Amino acid sequence: MRLTVNGEEHDVDGVVDVAGLVAALGLDARKVAVELNLAIVPRSTYASTRLAEGDRLEVVHFIGGG
């Protein structure tokens, strides 16, 4: 499946939902915010939010610091 993540096209195999994409990107789901086709995806629905060919996602990864 071809998705656009943060403005870059990615071919992903075996990824069917937002939770799988976050894991495939190697990110901690507790530290990201995801927007799917211009709508914020609540973290509680990552596993139930299905992805489709051509979806556009923005993934923001939060990091600590001071």
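Student: Before we start, what should I know about the model and the numbering?
Tutor: It is a predicted model, where local features need pLDDT of at least 70, side-chain atom pairs count only at pLDDT 80 or more, and totals for chains, interfaces and linings use all residues. Residues are numbered from 1 along each chain as its sequence is written, and side-chain values use heavy atoms, with hydrogens and water left out.

Student: Great. Where does Asn37 lie?
Tutor: Asn37 lies in the loop between strand 3 (32-36) and strand 4 (39-41). Strands here are DSSP runs of E with at least two residues, numbered from the N terminus.

Student: And what is its phi?
Tutor: Asn37 has a positive phi of about 50°, although it is not a glycine. Most residues other than glycine have a negative phi.

Student: What about Leu38's phi?
Tutor: Leu38 has a positive phi too, of about 75°, and is not a glycine either. Leu38 is found in the loop between strand 3 and strand 4.

Student: Why does Leu38 count as exposed?
Tutor: Because its relative accessibility is 77%. Exposed means over 50% relative accessible area, buried under 20%, and partly exposed in between (1.4 Å probe, protein chains only). Asn37 counts as partly exposed, at 41%.

Student: Switching topic: where is Phe62?
Tutor: Phe62 lies in the segment after strand 5 (56-61). Phe62 is partly exposed, with a relative accessible area of 47%.

Student: Which residues does Phe62 touch?
Tutor: Phe62 touches Lys31, Val32 and Ala33, not counting residues up to four places away in sequence. Contact means heavy atoms within 4.5 Å.

How values were computed
Helix = DSSP H or I, 4+ residues; strand = E, 2+ residues; numbered from the N terminus.
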